[in-house]
Amino acid sequence: MKKTDASWEQIGEKFVQTMDRNQLAQCMRCGFCLPACPTYQETGQEEASPRGRIALMKALSEGLITPDQTIVDQMEFCLGCRACESACPAGVPFGQLLEQARSSFAEPLPRTLISRFLRRFFFHWLFPYPRRLRLIGSVIAFYQRSGLKRLFHRLGILRLLPTPLREMEKILPQVNSRGVRKYLGSTIPAQGKKRSRVGFFYGCIMDIVFTKTNINTVHLLTKAGYEVVIPSEQTCCGALHAHAGEKEQAIHLAEKNITAFQQARVEWVASNAGGCGAMLREYPHLLRNHRNLLDDAQSFAHSVQDVSQLLLQAQESLPFHKLTSQLVTYQDSCHLRNGMGVIQEPRQLLRSIPGITLVEMKKADRCCGSAGIYNLTHPDLAFSLLDKKMKDLRATQADTLVTTNPGCFLQMKMGIQRSGLTHQVRILHLVDLLAEAMEKGSSSIPSSRFFVSL
Amino acid sequence: MLPSELKEALQKVVGPDRLRDDPSACLTHSYDATPLFQKMPDGVIYPKSTEEIQKILSIASHYELPIITRGSGTNLSASTVPITGGLVMVMTHMNQLLEIDQENLTATFQPGLITQHLHEQVEKLGLFYPPDPGSMQISTMGGNIATSSGGLRGLKYGTTKDYVLGLTAVLPSGALLQTGGKRYKDVAGYNLTQLLVGSEGTLAVITEATVKLLPLPEYRQAMIAHFSDLDHAASTVSEIIAARIIPCTLEFLDQQTVQVIENYSQIGLPIDAEAILLIEQDGPKEAVLQDMVRMEEICKTQNATYVQVAENEEERKQLLAARRNALSALARLRPTTILEDATVPRSQIAPMVREIRRISQKYDIQICTFGHAGDGNLHPTCLTDARDQEEIERVEKALAEIFATAIQLGGTITGEHGVGLSKAPFLKSQVGTLGVEIMKGIKKVFDPQNILNPGKIF
Ligand SMILES: Cc1cc2nc3c(=O)[nH]c(=O)nc-3n(C[C@H](O)[C@H](O)[C@H](O)COP(=O)(O)OP(=O)(O)OC[C@H]3O[C@@H](n4cnc5c(N)ncnc54)[C@H](O)[C@@H]3O)c2cc1C
Ligand code: SF4
Ligand code: SF4
């Protein structure tokens, strides 16, 4: 659809209103973020670098240039991996700037009918409602289990799908529409001496696609001495919304989550998905103009911890058993690393498992290309990043690849399948590997295999 | 936007994708790491070979189109800001390391090669390329050569100019100039290689370079010394040199700088010390250990309040990382960070630092000073806000006075960043009218139409 000049003007005004000038002024253009940025490394173009994007945002916010499709494309081309933030010595909050920029054109930008429909469907109809998500989950689960999947494969119907979806369909784990609460209830007591009360944020995708990981998370936490509460009123963290510029929806979801966990009266909020955890920590920024909610958002954000942080603190209560000796490598989740600053904790936990040798993968801190729905919107770059990642993975000769985020998990699994590594490398969420090490010889955590066949 | 005829001619050379003149591309090449300067070019071009550059330059000559050669755009003198418009030529696509010659101990590469990549590759072979500008993780070798970059190791090993042996460069006419080669000695006529080193893209476009390498030093050790008095730190520097020790780095940090770095990286620096010296020595293990003991003694006799020798490689790296992040950590205090590089003879460091303090108080400007004390290269850094016009005027006055003081003390307005645009007004007071006339004469021989980086240096 052709964009009229009027709507570009409107977008320009939005930029002037939305961008935070103080944050923009913090960038001193030193260029230290360039080597960390996947899109710069891939293209070698300044405009595809963090420094370039910030310069564009600044010029737009000052009305120095008018927005156009190339500039919007450049903002969409960004993975939102926030590696630039970790590299930036001046503390420029790039993730927040990116969201401001995207929200400047999210609404006025005339989109094609189909894209508008998809945005409404995902951001407004589906993700805010856990029950609808579960419904979709049960449809997929039925498809996977009923033999339809085999039939479709035999008939070659899937060839009609675009490549990323087709590859995703192949590797999607057995979906489960019931979720962790159905299996474990809403309050699970601590084992042994109680440390504190933790609210579990299960994550909307996690709970459907990785129910088993969620169950293991709760078991590990209780074993470590935490009483776990799973509030039923929690909802999607809003990360996908915020990253896509759907700010109002994100605010709405944030409010719901803050209230849900406040009512549960917990000391910590545990997340096992880097992308969700980092978003929960961003709530104070998201709600910065909502005075009445800001205090609550702040104390909520302070209480958010990645499960690896909580487990490491209680490590003495988690005697891991010896596993078959294996080489393990760890792929950072971008948002866990760059958003939550959790870098060493997962590695330390892995090193503490007897039988495991942790080998660092080259560029483990580089985005794998998953980046929310990036692999659907920009398959070329996503696959290019993924294939490089697989090269680095192969070089480690690891038997096991560990991740800490559902998006990364699926993307990496797709990579393993694509590059024919399926028989050499298995992929696990950190929590599932820890559960494996716990369960050996211990009867209190049921076998992982049990959960696989749920 | 480029005129269509010109655009067509250039597109014939590089194709449509590597020539851009839309707002997004132009805006993102309107700046470099220098605060307060910005100007849009008319277009951006990404060449991939020497031949393409030859063709681009002969087209540029024909149309009298200014060419601003750009590496990673990290220079601190606005040297790549296209002040007269024109075409920014980005060299980062030409980034191949062509050869490491282990017999002649040289490396040959394209100009877009990232400095750190060169370091990594040669060090794998037990070789060493010493120049290490603070920006080496992203600066290009072409940028390093065109500004004759320094770094932390300048005192003992010299700077980029001491390593460049040979260059291939394209003149504005499109002609190819070869200077020097893999030879350490060569006095055939004027030293054109050195003329191009530090020429800031105003004489020719460098398309290939050969530098000399050294054997990688066997051992390194670092130490830190705290001082409650600035003069004690300065006299320590003089005493170390007087004792005939040349450490590979001898870095000075004033109190404000220390506080900011500590805040940023939390490595246990003392935030109450007046000054800190960071000293590193490399070489054969025996000799290094001996030097460290002697330097430790000198620090103590010069009233250091605390001396710590790094215990292991990890600690050594941490101490140096602190220094490497200095400028960047400073950037957190105020929105705008103006980093200068006034340089004085080593013996004048204490008077210079004292003068900088006086000037900072006189104009009520926050200035943190750190730098390469061993070679007298200081970095007085103004922390300010570009949006505050009144304050910026005071900053400009303070800087002018700092430059004047440096010259008075027998120093220079720029030790390693180059003149570019930001220091062009001060060049005459540094090199005199005759000096400027000769430089302009040289420029005319290389670039009679004044199309290579016009408006820079003078
Ligand atoms: C945080 C920070 C720390 C720094 N620390 C140091 C330091 O310790 N020591 C130091 O010396 N500098 C330092 N600098 C300055 C800067 O990084 C150096 O000058 C560096 O060499 C610039 O490299 P670049 O690739 O970014 O070049 P650019 O900034 O792109 O260009 C610099 C100059 O080189 C010219 N040029 C680039 N490529 C070519 C070519 N192929 N042919 C001809 N001319 C060319 C350009 O026209 C321009 O005049 C620092 C900068 C920053 C931001
Ligand atoms: S590292 Fe930070 S300050 Fe430097 S250019 Fe990137 S965003 Fe700007
Ligand atoms: S978020 Fe990632 S892709 Fe985007 S600018 Fe930063 S480093 Fe680059």
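Between domain 1 and domain 2 of chain B, the count is 1 salt bridge. By salt bridge I mean a side-chain nitrogen of Lys or Arg within 4 Å of a carboxyl oxygen of Asp or Glu. The side chains of Lys156(B) and Asp282(B) meet in such a bridge, at 2.8 Å from N to O.

A word on the model. It is predicted: local features need pLDDT of at least 70, side-chain atom pairs count only at pLDDT 80 or more, and totals for chains, interfaces and linings use all residues. Residues are numbered from 1 along each chain as its sequence is written, chains are lettered from A and ligands numbered from 1 in the order in which they are written, and side-chain values use heavy atoms, with hydrogens and water left out.

Back to chain B. Its domains are domain 1 (1-216 + 423-458), domain 2 (219-325) and domain 3 (334-408). Those bounds come from an automatic or database domain assignment. Taken over C-alpha atoms, the centres of domains 1 and 2 of chain B are 34 Å apart. Contact here means heavy atoms within 4.5 Å. On that rule, 12 residues of domain 1 of chain B touch 12 residues of domain 2 of chain B.

How much area is buried between these two domains of chain B? About 970 Å², with 54% from carbon and sulfur atoms. Buried area is the accessible area (1.4 Å probe) that two parts lose on being put together, summed over both. Leu152(B), Leu155(B) and Lys156(B) supply 64% of what domain 1 of chain B buries against domain 2 of chain B, more than any other three residues.

Next, the chain interface. Here 37 residues of chain B contact 31 residues of chain A. The two chains bury about 2,600 Å² between them, 54% of it on carbon and sulfur atoms. Leu27(B), Tyr31(B) and Ile138(B) supply 20% of the area that chain B buries against chain A, more than any other three residues. The rule finds 2 salt bridges across this interface. Glu47(A) forms a salt bridge with Arg20(B), the closest N and O atoms being 2.5 Å apart.

Last, ligand 3. Which residues come nearest? Of the 13 around ligand 3, they are Cys37(A), Cys78(A), Cys81(A), Arg82(A) and Cys84(A). A residue is near if one of its heavy atoms lies within 4 Å. Helix 3 (38-43), helix 4 (50-61) and helix 6 (83-87) of chain A each give two or more residues to this shell. Helices are DSSP runs (H or I, at least four residues), numbered from the N terminus.
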